[in-house]
Structure formats: structure tokens, C-alpha cells
Amino acid sequence: MPHDLIPPQVRSRLRELRLTARRAVGAQGIGLHHSRSRGAGLEFAQYRAYEPGDELRQIDWKLYARSDRFFVREAERESPLAVWLLIDASASMGQLESVPPQRIRLDAAKSLAACIAELALRQGDRFGLIGLREDGLRLMPAGGGPRQRDRLLLELHALSAHGAFPHGERLNPLWERIGASDLVVAISDFFDDAALALVERLAAARREVLAIQVLTSDERDFPFRGGHRFRDPETGEELLGDGAALRADYLQRFAAAQRALQARLDASGIRHAQYVMDQPLDLPLRHLFGAHGAAEYA
């Protein structure tokens, strides 16, 4: 059984992190996710008017005696969360980083997904996987427990990068599976506008969406010198040029594209983090789930 997606030093640091659903716990994101439930709970939350179907034992009879109206006590309780890991498996995710250990982008995405699944497992949450590429979705239904983790690891190892990002009807199974109260974590390079449009649509449909952008250090630094042939793996378009001569213009355009991406994610209310593959694997997870952010790695 493959268990090598999470380095040992990263696995030990995961103990400090907690998955949180912002819609459930409010803007502060403190503590584990909670859901509003009728009836018994861990902590009193509020009163609301009685509705047909409520149990009589939920009625606050003392309040009824004072107001002559029926009110029900609501409480908040910890409840399992369904976490959906959406992994972009289009061809650009097969980009190889030039510096050691020369991983491909999709391998980094798989390791991030395995880390998030580990967090969900420790909290008793359910998790599922949707791999996204042109020839359709690779979907593993949400479930919980160690066996679900083993199934996820097998699915991740079998996932390969190919083609363009899926469109239209190919995405229908995704909409049928992801519920309104589920947490979606999308892992992509977000170079294809279709990937960004999908997470925007999910957020507009009131799904809680988190986005992790995976970049190679080559894309961040553009260290190329001399003549190079640059090829888009999804369109096949090529650009011939001298790396040093192209660098300044590339870095300017890349920075502008990053600002535009972050602005769109912010406008949709999508929490997001960036992971460059020469950084600690858990850095984006600390940005999203850590109590103190990622200050120790800054």
C-alpha cells in the first residue's frame, strides 16, 4: 500500500493543523467546524420559533410560561464534514521542475491532497476525490476511516496528467456529488481559465471553496539562459527565444497574472494559498488551517 506521499517531517507537523469550515464556525474560523442542530447538543446556541415536526422535548417550557409562545432551544454540536479534494489532472499539471528532486506538479498536488485527507481522517471527517481532466472525471465517493484513506492513496497514485481541463457536461457528476454544506479544496496551477471558472461557480452556488495553486520554482524565477523552446503542453503552441532576453517581460506578465488570479478568488470569497514546489509541503496548509498562519516559514 503506497504511503510515501507525505514526508515524515511534514506528517508530524500536521498534528498542529485543523480543518475548519468557515460557514459553520463564522469568519474567525476558530476551532473545529460545528453545525447548527435541533435538539441536544454540546453548547446552547439560540432560541427559535417552534416549527411543525420539532420534538416536544426541545420546547423551552419556562419561556413558554412567560411568553405564551413556543420556542425551541438550538444547540451547536461537532458534526462530520465532507471534504472534496478536486485535483486538476490536465496536461499542464505534468510540468517537471528543473531543480532536484525534479518532481512534476501533479505529484505535489497528490501530496497536498494526501495531507488534507490525513487531517480529515484525524478529525473523523469524510473525504472524497475528484480528478479533473479532458477525458472525464475520476471520482471516488466521500467516505471515512483508514480504508478510505487507503483507497484515496491508490486513486492518487493512479491519477496522471493528460489533455485539457474538462468543460460542460463532463463536470455534471461533480455537481451531483458535492453538497451545499461540503468543503471543497481545489488544487491546480489555475493556468486554464476553465479551472478558475469552476471554483467561481462552486462558490457562487454557496459551496465553501478553498484553492491551492501549485507552481514550479521555474515559473516563479524563470532561471533559463540561452536559447530555449517553450511549449504549452495543452495547446501545443511553442515559443522560441533567449531565456535571459525574455525574463524581465515574463516576470512582469507573470506577476500581473498572479494579481488578477488572486483578485478573482478574493472577489468570490475563496480562501486561497500558493505553493511553490521548493517550499515546505505544509506551507499552504498552514496558511489555510494553521492557528497562527505560516509565520514560522516566512
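Strand β4 (residues 82-88) and strand β7 (residues 183-188) run parallel and are joined by five bridges. Helices (H or I, at least four residues) and strands (E, at least two) are DSSP runs, numbered from the N terminus. Two strands pair if DSSP finds at least two bridges between them. This is a predicted model: local features need pLDDT of at least 70, side-chain atom pairs count only at pLDDT 80 or more, and totals for chains, interfaces and linings use all residues. Residues are numbered from 1 along each chain as its sequence is written, and side-chain values use heavy atoms, with hydrogens and water left out.

**The sheet**

W84 has V184 of β7 as its bridge partner. β4 also runs parallel to strand β5 (residues 126-133), with seven bridges between them. Here I87 is partnered by G131 of β5.

These strands belong to an open sheet of six, in the order β6-β5-β4-β7-β8-β11, with mixed pairing. β6 (136-143) and β11 are the edge strands; each has a single partner strand, so one side of each has no neighbour in the sheet. From one strand to the next, the twist averages 15 degrees. Axes for such angles are lines fitted to C-alpha atoms, for helices over the stretch in contact, and angles run from 0 to 180 degrees between N-to-C directions.

How many residues of β4 are buried? Seven of its seven are. Buried means under 20% relative accessible area, exposed over 50%, partly exposed in between (1.4 Å probe, protein chains only). One face carries A82, W84, L86 and D88; the other carries V83, L85 and I87.

**Helices α7 and α9**

The expected span is 1.5 Å times one less than the number of residues. In both helices the distance between end C-alpha atoms agrees with it.

D192 caps the N-terminal end of α7, with a side-chain oxygen 2.8 Å from the backbone nitrogen of A194. Buried residues of α7 include L196, L198, E200 and L202. R206 follows α7 and has a positive phi, near 70 degrees.

At the start of α9, a side-chain oxygen of D242 comes within 3.3 Å of the backbone nitrogen of A244. α9 bends by about 30 degrees at D249. That bend is the angle between axes fitted to the seven residues ending there and the seven starting there. G243, F254, Q258, L261 and L265 of α9 are buried. G269 follows α9, and its phi is positive, near 75 degrees.

Terms used: Polar contact = N/O pair within 3.5 Å; in protein donor to acceptor, adjacent residues only side chain to side chain.
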